[in-house]
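Please keep the sequence and the model in view while reading.

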Amino acid sequence: MAVIVLTGITSFAVLTNGTEDDNQLTLRYDGVPLIIGVLKDHRLPDFNLEEANVSFQTVALSDLHRDNVDAYLFTEEHFDVLSENEYSQMLRENGVFNFFVNPKKEVMPFYLENLRYSDVPEADNQAYIEGFAVLVDETNTYAIAESYQDATEELKTSAYQSMLQVLQTHKEEIFLNQ
């Protein structure tokens, strides 16, 4: 199992918009096109995508087995359901990155069988965004940014920025290996 920890600033710009809506992030990204699947969720920031080569696509739970997106992005309101065997199997087998925003526990219940998120104790130092991808029978895990307990606006923007970097690097590697 490979563990990659990304922190700090990369070449992308993910900036707060500076409007009255504190929950809006403006993404400035000009890398390879990215499609990120999200479940209907009111806890994600409102992403302003005017200057980004990124699109967010609302998906249903039954769609999680599909690989027609580059990644899935989930928040806590869906964690317990996603850890059910039916959905954790879909996440293990979908062949794309699965990211979890602000988990307060390990993400193992999303790729191991018979382990519910609600049954796992809280962890002390979870990253703001954590995730995994099962690619060619190897599970790669990702911890992006610092502890959720220190989730400032700057840390959140850095975390989304780093997530896009992971996805861009992966897509470029696939293209180069064709």
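## A buried asparagine

Asn 94 is buried, as its relative accessible area is 2%; buried means under 20% relative accessible area, exposed over 50%, and partly exposed in between, with a 1.4 Å probe and protein chains only. The model is predicted, and local features need pLDDT of at least 70, side-chain atom pairs count only at pLDDT 80 or more, while totals for chains, interfaces and linings use all residues. Residues are numbered from 1 along each chain as its sequence is written, and side-chain values use heavy atoms, with hydrogens and water left out.

Asn 94 is placed in the loop between helix H2 (85-93) and strand E6 (97-101). Helices (H or I, at least four residues) and strands (E, at least two) are DSSP runs, numbered from the N terminus.

## The surroundings of Asn 94

Which residues does Asn 94 touch, not counting residues up to four places away in sequence? They are Leu 64, His 65, Arg 66, Asp 67 and Tyr 72, where contact means heavy atoms within 4.5 Å. Asn 94 and His 65 are 29 residues apart in sequence, yet their C-alpha atoms are 4.7 Å apart in space.

The side chain of Asn 94 also makes a polar contact with the side chain of Asn 98, at 3.1 Å. A polar contact is a pair of N or O atoms within 3.5 Å; within protein, one must be able to donate a hydrogen and the other to accept it, and residues adjacent in sequence count only if both atoms are side-chain atoms. The backbone oxygen of Leu 64 is reached by the side chain of Asn 94 at 3.1 Å.

## Strands E5 and E6

Strand E5 covers residues 71-74, with Ala 71 and Leu 73 pointing one way and Tyr 72 and Phe 74 the other, and all are buried. E5 pairs with E6 in the parallel sense over four bridges; strands pair if DSSP finds at least two bridges between them. Phe 74 stands opposite Phe 100 in E6.

## Aromatic rings

Rings of Phe, Tyr and Trp (its six-membered ring) pair if their centres lie within 6.5 Å; planes under 30 degrees apart count as stacked, over 60 as edge-to-face and the rest as tilted. The count comes to 13 aromatic pairs. The ring centres of Phe 79 and Tyr 117 are 5.0 Å apart and their planes stand at 70°, so this pair is edge-to-face. Phe 110 and Tyr 117 form a stacked pair, 5.6 Å centre to centre with 25° between the planes.

One aromatic cluster includes Tyr 72, Phe 74, Phe 79, Phe 100, Phe 110 and Tyr 117.
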